[in-house]
Amino acid sequence: MKILATNILSPLGSTTEANYRAVRQGRTALASHAAGIRGVPFPFCAALFADGEPDFVNLCVESATEALYHARIDKLRTVFILSTTKGVIGRNPGDVAKEISLRLGIENEPVVVCNACVSGVAAQVLAHRLLHSGIYDYAVITGADIQGRFIISGFHSLKALSPVPCRPFDIDCSGLNLGEAAATMVVGREDCAGSGEDAWHITAGAICNDAYHISNPHPKAEGTYRVLNELLTQADATELACVSVHGTGTMYNDQMESVAIERAALQHVPLSALKGYYGHTMGAAGLLETILTARALDDGIVLPSKGFEEMGVSGKINISAKYITTSQRSFLKIISGFGGVNAGVAVTRKDAPAPAPSAPAPVPRSLRSLRCDFIATPSLTSQSRLPLVRNAVSRVVISEIDRLREQGGFHGPMHIVLFNMTSTAIVDKEFLETISDNDAYYPSPSLFVYTLPNIVTGEVAMRYGWQVETAFYVLRERNEQVIHQIVTATAHAHPGERILYGWVDRPEKEKIELELNIKE
C-alpha cells in the first residue's frame, strides 16, 4: 500500500513539513495550562491549539483537504476512515465521519476505528487490508482527538498525567501529557496511479490483544512482542532504521515496550519516541508518528526522543535524545492501548514494480448466526459487585458466548471484531455526571475506562485468555455490506483461523442489541 500524501495539523504547524521543521528545531507543543483552561478545574501540562478548543469536524476536514490536494485519486473507489478515541462527545462517531467524508467529496460509507490509543495504527492496518482485498483502490485516513474537560478529567482520575513535560523511558518519568492534532494519510493500492515509483509503502500490519488487563499492559509484553514477531516475518530486522515506539512516559507502558523490544531481539535498533513534542494525541498518534518518522528518514535521520536523559526501564533498548543518522529506508511503528490491544505496521521506502490488480474478495458466509436482540441487562449483572454501567455490554457478550460454549461446538481462540452505532454514549453520559459540577467534581476512573468501546473486545479476550486480534468499529448505521467488507479483509489476514464478529449496541441504558457470527 503506497502512501500518496500526508498532512499533520497540530499546535506546531499546519502541514507535515512545518511540523517536521519544528521537531528538527527541538520545539515542543507541551506547555503548562492554568486551572480553568478548557473547563478543567486544575492546572495541567498538555499540547493544545492556541486559539481555544477547535471544532473537531473542521479540524479533520482541514487536515484531509490539505493531504488530498497533493494526491490525485478516484473518489468513487475511495473509503474514508476516521481514527479517534472519543471524537465529539455527545455525537455518534459514525455521523461525524459521514459529515467529514461528504465534505471531502467521498460518498462511500465511512468507517470509524475506535480501538483506544492504537486507533491510528489500526486504521492503517484496516486500509492496507481493504485495498489489498480489492474492495477499494484508495483510502483517506484521518486521526484526531480534542483535549477538553472529558478526556483530561478521565486521565486525571487514573493518576496518569504528568504535571511537567513527559520523559519517555527516563528514570524520572512521571506520567503522560495529552495533546491534540489531526493527521491524515492518503494511501493507494500498489498498482494505483498518483505516486512516483519511489514512495513509502506500508507492507504489513498486525494487531494483538495481550488478554491481560483492561488498563495495564502485560508485564512480559506479550501483545507487543507478538505484533513485532508478526511484522518481522515481512520486514528484515537488519534493514530497520528505527522503531517508532508509543513512549507515553508512563512507567508501565515504557517498561512493557522495552521488554518487547528486547524479546524481539531489536535491542540494537534505534528507538524514536515523539510524545515529548506533541503529547499523547490519541486517535492521531499512530498516524502522526508514522508520518513524521518517514519524513525524517527521507533526510537520513532518526528523530530524537525529547525528554529522555537516563535509562529508566529494565529492557535493553537503544534510545537517545540526539539525532541518529542512517541510510536505512525501513521502520516499524508500534503502539498499545487500553483494553489490552497492541498494534504495529512495517513501513519501507522502495521502488517496487506494480503487482497485478487484486480481484475483489468474496463476502464471507456466516457459519452460525446468534441473534439476541434487546436483551435486558439487569438480570445478567445482578450478581456482580460492579456498577451496571461499568460492565453491562461485556457481560451480555460473555454470557452468550458462555451459553454457546456449554452447548458444545463453540471453541476458541477466535479473533474478535465488533461493530456498533452509538459507541459508548450511555457510559459517556454517566461519566459526564461525575465532572459536571466543580463543587462536586469526582471523575470516576472505572467509568472513564468504559467510555472506550473496545474495552468489550478486550474483556472477551481476557475472559477466555485469547491472545488474538481484537478490533472495534463504529458505523453510521448497521450496514451489512460494510461489516462483511471489513470481516472479509480481516479473514484474508488470518487464513484458516476463526473470527467472532457481530453487532453489539446499547441504544438505551436498559437494553443491548447483540448479534454474533462466526467466520471460519
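This report walks through selected helices, salt bridges, nonpolar cores and a sheet in a predicted model.

## Helix H1 and its first residue

Helix H1 covers residues 16-24, and Thr-16 lies within it. Because its relative accessibility is 9%, below the 20% limit, Thr-16 counts as buried. The side chain of Thr-16 makes a polar contact of 3.0 Å with the side chain of Thr-6, and it also reaches the backbone nitrogen of Ile-8 at 3.3 Å. When residues up to four places away in sequence are set aside, Thr-16 touches Thr-6, Asn-7, Ile-8, Ile-291 and Leu-292.

Thr-16 is one of the buried residues of H1, and with it in that list stand Ala-18, Asn-19, Tyr-20, Ala-22 and Val-23. These buried residues pack against strand E1 (2-9), helix H8 (275-278), helix H9 (285-298) and strand E12 (301-302). After H1 comes Gly-26, which has a positive phi, near 80 degrees.

## Helix H2

Helix H2 runs over residues 56-69, which makes 14 residues, and from its first C-alpha to its last it reaches 20 Å, close to the 20 Å expected at 1.5 Å a residue. At the start of this helix, a side-chain oxygen of Asp-55 comes to within 3.2 Å of the backbone nitrogen of Val-57.

Which residues of H2 are buried? They are Phe-56, Val-57, Leu-59, Cys-60, Val-61, Ser-63, Ala-64, Ala-67 and Leu-68. The elements that they pack against are E1, strand E4 (78-83), helix H3 (93-103), strand E6 (138-145) and strand E8 (181-188).

## Salt bridges

Side chains of opposite charge can pair when their charged atoms come close. How many salt bridges does the structure hold? There are 30, and one of these joins the side chains of Glu-309 and Arg-167, with 3.0 Å from N to O. Glu-309 lies in the loop between E12 and strand E13 (318-319), while Arg-167 lies in the loop between helix H5 (149-157) and strand E7 (178-179), so this pair ties together parts that are 142 residues apart in sequence. Glu-309 counts as exposed, because its relative accessibility is 65% and the limit for that class is over 50%.

Another salt bridge forms between Glu-222 and Arg-263, whose closest N and O atoms are 3.1 Å apart. This pair, too, links distant parts of the chain, with Glu-222 in helix H6 (residues 222-231) and Arg-263 in helix H7 (residues 251-263), 41 residues apart. Glu-222 counts as buried at 16% relative accessibility, whereas Arg-263, at 35%, counts as partly exposed. In the salt bridge between Asp-191 and Arg-189, the closest N and O atoms are 3.6 Å apart; Asp-191 is partly exposed, with a relative accessible area of 29%, but Arg-189 is buried, with a value of 9%. Salt bridges can also form a network, as they do in linking Glu-17, Arg-24, Arg-295 and Asp-299.

## Nonpolar cores

In soluble globular proteins, nonpolar side chains tend to be buried together. The largest nonpolar core here has 73 residues, and those that touch the most other members are Ile-81, Leu-130, Val-187, Leu-292, Phe-419 and Tyr-473. Leaving aside neighbours within four places in sequence, Leu-130 is in contact with Val-79, Ile-81, Ile-135, Tyr-136, Gln-485, Ile-486 and Ala-489. Apart from this core lies another, of 55 residues, among them Met-414, Val-468, Phe-472 and Val-474.

Tyr-501 is found in strand E20 (residues 499-508), and it is buried, with a relative accessible area of 1%.

Strands of a sheet pair through backbone hydrogen bonds, either parallel or antiparallel. In this model, 3 strands form an open sheet in the order E2-E3-E7, with mixed pairing. Strand E2 (31-33) and E7 stand at the edges and have a single partner strand each, so one side of each is left without a neighbour in the sheet.

E2 and strand E3 (residues 44-47) run antiparallel and are joined by 3 bridges. Ser-32 has Cys-45 as its bridge partner in E3.

Key:
Residues are numbered from 1 along each chain as its sequence is written. This is a predicted model: local features need pLDDT of at least 70, side-chain atom pairs count only at pLDDT 80 or more; totals for chains, interfaces and linings use all residues. Side-chain values use heavy atoms; hydrogens and water are left out. Helices (H or I, at least four residues) and strands (E, at least two) are DSSP runs, numbered from the N terminus. Buried means under 20% relative accessible area, exposed over 50%, partly exposed in between (1.4 Å probe, protein chains only). A polar contact is a pair of N or O atoms within 3.5 Å; within protein, one must be able to donate a hydrogen and the other to accept it, and residues adjacent in sequence count only if both atoms are side-chain atoms. Contact means heavy atoms within 4.5 Å. A salt bridge is a side-chain nitrogen of Lys or Arg within 4 Å of a carboxyl oxygen of Asp or Glu. A nonpolar core is a set of buried Ala, Val, Leu, Ile, Met, Phe, Trp, Tyr and Cys residues joined through side-chain atoms within 4.5 Å. The expected span of a helix is 1.5 Å times one less than its number of residues. Two strands pair if DSSP finds at least two bridges between them.
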